[in-house]
Amino acid sequence: MKTITNFIAVFALAAIFTSCNQNDEGGKSGAMASSAAEKVYVSPGEHDEYYAFLSGGYSGNLTVYGLPSGRMLKEIPVFSQFPTNGYGYSEETKDMLKTSFGMVPWGDSHHPDISQTNGEIDGRWIFINENNTPRIARISLETFETEEIIEIPHSAGNHSSSYVTENTEYVVAGTRFSVPYPQKDMPIDEMKGNFRGPLTFIAVGDDGHMEIDFQIDMPGFNYDLSHPGRGESHGWFFFTTYNTEESHTMQEVNASQNDKDFIAAVNWKKISEYVENGGGETMDAEYVHNVFDHDTQTTISTTKNEVLRVDPRDIPGAVYFMPTPKSPHGCDVDPSGEYIIGNGKLSSDLTVHSFSKMLDAIENEEFDGDAYGIPVLNFESTLAGTVKEAGLGPLHTEFDDKGNAYTTFFISSEVVKWKLDTWEVVDRQPSYYSVGHLMISGGNSRKPDGKYMISLNKITKDRYLPTGPELEHSAQLFDISGDKMELLLDFPTHGEPHYAAAIKADKIKENSKKIYRLDENNHKYAAVNESETKMVREGNEVHVYMTTVRSHFAPDNLEGIHVGDKVYFHVTNLEQDFDVPHGFAVIGANTSELLIMPGQTKTITWEPKKPGVWPFYCTDFCSALHQEMQGYIRVSAEGANTPMKWGLDDEYTSN
Amino acid sequence: MKRSAILMILGSLLLLGLFYFPLWNIQLGAPQYPDPMGMDIFISGIEGEEEFDIQNIDGVNHYIGMKKIPKPAEMWEFQVFPIVIAGMAILGVLLGALGFFKKISASWFLGWFILMLVLGLLGMYDFNNWLLDYGTDLDPKAIIKLTDSEGNPINYKPPLFGTQKILNFTAHSYPRTGAYLMFIGMSLTLVAWWIRKKALKTLK
């Protein structure tokens, strides 16, 4: 009963907050509206100023937008099969989705983060985490393709991820759901004290390759979000927790009982040294690591069997808990690295911890007991300030380059701008509706770029023409260069963008690859010119080495395939010209099409079910003769003795 | 006296620039090719401005049945031109050297210039013939066959000099560094002749 009254109180409060804010939108017309239009207008043929990478949420992908126009430029498949280009279906890429649970065709992507050097985003790669079957992917910002996916063992709900440290030393993964560590069959209601919350630190090599360095065996709380320290606090990582109650059921109520949960401050440098000096113990694990090898254009998938477990209690000074009110969600670190913001999502206040005060408190041992042997710092000792009654339901905070912070409030549906150091609210703008994350280019770095901010909203309702019950999520672009935030643009997004990352276009656009070089194509089944095309039978498997060039396939007539065969079409695009992909689709394929970029080889399988003469064709309108870019496959009945024969322009080869 | 000889040598040596720099360049731009494809014509062969330009020009040209851009071995010009240029450079240097040490008449310098001019014009004539052949000798099985208002097949010859629209493409054909060096070099030899002539006159 008490809970119910609490909820009524919360919503009453929400009503107060929202009623304060309902006056802005209608007011912007005339001159104001036209200036907003000018600010987002990118003339035809001109380029946007920023690339923005929005997580696709339950699409499993990453979408690329231009800012300020809000134009979608690309959808990059990451954790989900993508029939549009064959990702996750083709022989080359299907193993990218391999996990210790087998092939998982779908993922839930959350928090993209761009690689950094000296605390500034450098545009080499972008990382993104998968929440459902814990994984982290690395995407190249030269090819805009997923190059690597590593599974996170012993984790469940990889939510506090995939944030990178200041020099991309590590990308981190946490576990949102505490679980038995290692997994075992046990009664759920014995969770308390028995489940754990391992935090995983994945080392990133100079070539971008990821390798799990260690796993910190943490108490069984829910590790929600995280951010790295920077500047003075470089070497630390901060994770918010909720459900320190360790409840296992009806968590919306039972995980909301403690007045304070924790922000875990992890001195990863210390742990890293400890591990380097032989600390930690290996434990069994099963996880799959998939790397797309550009040379052979094929995924190399490795299953690994152990991970290094570190007990933080064995390393003095490695981990501390900072009490933080009201189930904090976002855990954000300001550009200087001094302030750690806990966004207590069931509160109207924001708690700001001070890194230097934290160090002092550690030195003076201002502890308030411990949690499972990990020291809990005194709340007042680390507190830098509180942003009072800024809104309701704070989730995430980002920063500009002028000492301001911007926090999203889900319940009161607004973005609130406040000042670091004085903690005073200086502006608020409504979001449409119920904003989750927000993003400022470089907002998670030493050098944010305080020009634009986008709010990524969870509820769309009436913002666009209605499209039935299911709607795309919505984003809003604000100009934050002035004292007040100015809403410029509303644009629909794809899937459910959680976090996003943006970078100045100039930093990466020159690196964007135009073609893959045919002379670097070492695919096992490539045919790099038409004379290398052929059909090879191995039992009931038939390998077709095929090429495409405007505007024909070679071969385009194939005979000698039988019902019961499994046909591998290895299609090489011979073009070496920018933006001339060819597609390959064959009737009745139970897979997908292929979309092959110049110089690439991709493979799709086809298992013909019926005798006949079946067509295949190019799916990408490649040229004036695109419609003619087609061919026939003769399929004979099982056991028929039609010989293999293939050719182009009535010049056949057979065997 | 010595000045004219040095100019003669310098002018002749500038021909050697043709071994390093393209003589001519043809660019093809189209709506689909905002970055035009281009070929650099050297005395010893044709190269793409960008690595794959030749392949891509051949690719689009196959629709109208044009022959492929010739490889160096497929045209005698690419064997002969370097010999002619090297020969003329050596001859020029030789004349210059003779002029430096001996009293040879200025007409030798003029003679060299005229010979070079004739050879150059012959080269241009030959180049134009090749362009004409390239633009008109089309595969009878060409995918796209277009005719002009009188029913004659369209001539796809790129211009020898200047800019011209050919179907969706705009062709730009202009000299490049090698040619400019040659022009400068030839002018220098002409200046050498003129100076020498005046100097010899005053000597008399």
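Modeller: Happy to! Let me begin with a term: strands are DSSP runs of at least two E residues, numbered from the N terminus. Please keep in mind that this is a predicted model.

Let's start with Asn118(A), which sits in the loop between β6 (113–117) and β7 (120–130) of chain A. Its phi is near 50 degrees, a positive value in a residue other than glycine. Is Asn118(A) buried or exposed? Asn118(A) counts as exposed because it has 12 C-beta neighbours inside 10 Å.

Asp650(A) is not a glycine, yet its phi is positive, at about 60 degrees. With 6 C-beta neighbours inside 10 Å, Asp650(A) therefore counts as exposed.

The peptide bonds deserve a look too. From Ser161(A) to Ser162(A) the peptide bond is cis, and its omega is near 5 degrees. You can find Ser162(A) in the loop between β9 (146–151) and β10 (170–173) of chain A. Another cis peptide bond joins Arg550(A) and Ser551(A), with omega about 0 degrees. Here Ser551(A) belongs to the loop between β35 (541–549) and β36 (552–554) of chain A.

Note on methods: Residues are numbered from 1 along each chain as its sequence is written. Chains are lettered from A and ligands numbered from 1 in the order in which they are written. This is a predicted model: local features need pLDDT of at least 70, side-chain atom pairs count only at pLDDT 80 or more; totals for chains, interfaces and linings use all residues. Helices (H or I, at least four residues) and strands (E, at least two) are DSSP runs, numbered from the N terminus. A residue is buried if 20 or more other C-beta atoms lie within 10 Å of its own, exposed if 12 or fewer, and partly exposed in between; C-beta atoms are placed from the backbone.
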